[in-house]
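Subject: Structure handover

Hello,

Please find the structure below, with the sequence alongside. My notes on what was found in it follow.

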Number of protein chains: 2
Amino acid sequence: MPVNVLFAAAPSRWAQYQTPLSDAFAEKDLDVDLRQEFAPEEVDYIVYAPQSGLTDFTPYTRTKAVLNLWAGVENIVGNKTLTQPLARMVDEGLTRGMVEWVTGHTLRHHLNTDLHVLGQDGVWREYVPPLACDRPVTILGLGALGQACGEALGQLGFPVTGWSRTQKDLPGLTCLSGKDGLHKALSTAQILILLLPHTPETENTLDTAALARLPDGAVILNPGRGRLIDDDALLAALDKGHIAHATLDVFRTEPLPPEHPFWAHPKVTVTPHKASETRPESAARVIAENVRRGEAGESFLHLVDRDLGY
Amino acid sequence: MPVNVLFAAAPSRWAQYQTPLSDAFAEKDLDVDLRQEFAPEEVDYIVYAPQSGLTDFTPYTRTKAVLNLWAGVENIVGNKTLTQPLARMVDEGLTRGMVEWVTGHTLRHHLNTDLHVLGQDGVWREYVPPLACDRPVTILGLGALGQACGEALGQLGFPVTGWSRTQKDLPGLTCLSGKDGLHKALSTAQILILLLPHTPETENTLDTAALARLPDGAVILNPGRGRLIDDDALLAALDKGHIAHATLDVFRTEPLPPEHPFWAHPKVTVTPHKASETRPESAARVIAENVRRGEAGESFLHLVDRDLGY
């Protein structure tokens, strides 16, 4: 008997994922029937993305797990009909892409390469940037992504402070937690990187008060979630000159509407949600591993804690 | 009796180096008389930079070593009056700065951040860049700087090929040497990084023939020496579309004259010799260590091989 796996995502994803998923199931010797449609009561696993249109999980009576295709689960975790185990995506390809985006933009601001990219005017400007060891960086959020970024920035010589809801202890990082820890983490952040999940508690983490705690001339990178930032408070802090620049990859509305003030603001760089792309090949392997675990009666990887919301 | 150390560099360097050198000598318990002028026959060590005006080393009869303030020695190594040992600068601060410049500009081109820095036009452009593991990088030159850059890029996931005159064996790098090795190293280089010393053999390493061996769309970073590149050949390869971009930090004439075509070329980014800045604090410690070694009768660090020219 094959294992029935329902692919519940936007139709455009089917072309991207059908082959990688089939290959990954075959690699694990799993006999899988992978389809975009099944009778609900026949489905063993659901590969899920929010654009699928699937909102009522009640009829999926024999489904052993819902395997989210993306890292963020805020569109599904509050769904009352979902009683099945829910797993997040922790994709090595996504993690590597995030590390590259975060490291690249941190170095871009550290070296001020925009000065040269935008100013090829024939003027030879002598200026020695500080070394990374004199540029403290703070990461808010120490999940898989925050930890990987912290490690990469530490290897390049940046002093890295990490803040998380619960206290962590990670080699090479100054780990802080709690409200006082957050205030301290903000106060030293010449470059601040937002990698928190979006939950009711993290909404507007960067509001007027938090922005005011950052040192003058701080730079903000947001590859995490759009709702972590109070947009109006950020624009005011940029206009005041307190914050030097913000490079933003995620927004409350995506695609970011052309009339949004972030696009035209000289101190904002918009990138179109590129930092956290799931890569089909590596993501498919994570899905297949969880199906294998379910069939073998083992515990699932990356299970979501419904109370915490991630 | 104090050790007499002559500081022979442009007068503007005195302000930068006097305190760091004095501190570094004191740290090593050396009794040093550091000055910009001495009777030549009383000088024990010369701290040297080419803008000093010092060209005849004959009268420095008791000088135990000439300690170059910069990594490059092409302005002094051919001086026939120089019979004293000559040491290059290998400054940890310079190495870290080079790694930061090379890593930052490699990631800039890898992620194509210029697209966003230059194009904040309200258009949300979907595009997933390849991961670093699918972006082969080649470094020409595997001295202290090339090795440190290779290690940092390897840690970020780039497959790194390194080429050097003599065969090396370095962990995590594909090491090549010789003429065939150079051809192979060029043929896979989506991003090519020039970190060779300047010698008669390396002049115009990147000429028309070498440029033709690079894959279509290759990007060139030159933080090494201006004379490694045939400027006209590079401009032709950029105009033909074969080379996608060149980011250049060093030039045959510095400052690069405002009328030089590199400034206005849309596929060239000029940075003003920022990649390899010697940092006074860490460089002073290297100088002091060599003075200590000379006084203790130990061998000097970083001695130049006059035949090789570096």
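In this predicted model, A:R225 and A:E74 form a salt bridge through their side chains, with N and O 2.8 Å apart. A:R225 sits in the loop between β10 (218-222) and α7 (231-240) of chain A, and A:E74 in the loop between β4 (65-68) and β5 (86-87) of chain A, so this pair ties together parts that are 151 residues apart in sequence. A:R225 has a relative accessible area of 19%, so it counts as buried, the cut-off being under 20%. A:E74 is partly exposed, at 30% relative accessible area. As background, side chains of opposite charge can pair when their charged atoms come close.

A:H198 belongs to the surroundings of this pair: not counting residues up to four places away in sequence, A:H198 touches A:E74, A:E203, A:R225 and A:R227. A:H198 is found in the loop between β9 (191-194) and α6 (208-213) of chain A. Its relative accessibility is 17%, and A:H198 therefore counts as buried. The side chain of A:H198 also makes a polar contact of 2.9 Å with the side chain of A:E203.

Domains of chain A

Chain A is divided into domain 1 (3-91 + 278-296) and domain 2 (94-270). The C-alpha centres of domain 1 and domain 2 of chain A are 33 Å apart. Seven residues of domain 1 of chain A and six residues of domain 2 of chain A take part in the contact.

How much area do domain 1 of chain A and domain 2 of chain A bury between them? The figure is about 570 Å², with 48% of it on carbon and sulfur atoms. On the domain 1 side of chain A, the residues that lose the most area to domain 2 of chain A are A:E74, A:D91 and A:R279, which together make up 60% of what that side buries. A:E74, then, both loses area here and pairs with A:R225.

One salt bridge is found across the interface of domain 1 and domain 2 of chain A. Three residue pairs are in polar contact between domain 1 and domain 2 of chain A, counting pairs with both residues at pLDDT 80 or more. The side of domain 1 of chain A that touches domain 2 of chain A consists of two nonpolar, two polar and three charged residues.

Chain A against chain B

The contact between the chains takes 50 residues from chain A and 50 residues from chain B. Chain A and chain B bury about 4200 Å² between them, and carbon and sulfur atoms give 65% of that area. In chain A, the most area is lost to chain B by A:E100, A:W124 and A:W263, together 20% of what that side buries.

How many salt bridges are counted between chain A and chain B? The count is zero. Polar contacts are present, however, with six residue pairs between chain A and chain B where both residues are at pLDDT 80 or more.

Several elements of chain A each supply at least two residues of the side that touches chain B: α2 (92-111), α3 (113-118), α4 (144-155), α8 (261-264) and β12 (268-270). Of that side, the largest share comes from α2(A), with 13 residues. By class, the side of chain A that touches chain B has 25 nonpolar, 14 polar and eleven charged residues.

Other salt bridges

Over all chains, the structure holds 26 salt bridges. Two of them, in chain B, are described here.

- B:R125 and B:D121 meet through their side chains at 2.6 Å, N to O. B:R125 is partly exposed at 30% relative accessibility, and B:D121 is partly exposed at 44%.
- B:E298 forms a salt bridge with B:R292, their closest N and O atoms being 3.1 Å apart. B:E298 counts as partly exposed at 36% relative accessibility, as does B:R292 at 25%.

In chain A, salt bridges that share partners join A:K28, A:E289, A:R292, A:R293 and A:E298 into one network.

Regards

Note on methods. Residues numbered from 1 in each chain as written. Chains lettered and ligands numbered in written order. Predicted model: local features only at pLDDT ≥ 70, side-chain atom pairs only at ≥ 80, totals over all residues. Heavy atoms only, no water. Contact = heavy atoms within 4.5 Å. Buried area = accessible area lost by both parts, 1.4 Å probe. Salt bridge = Lys/Arg side-chain N within 4 Å of Asp/Glu carboxyl O. Polar contact = N/O pair within 3.5 Å; in protein donor to acceptor, adjacent residues only side chain to side chain. Helix = DSSP H or I, 4+ residues; strand = E, 2+ residues; numbered from the N terminus. Nonpolar A, V, L, I, M, F, W, Y, C, P; charged D, E, K, R; others polar. Domains from an automatic or database assignment. Buried < 20%, exposed > 50% of the residue type's maximum accessible area, 1.4 Å probe, protein only.
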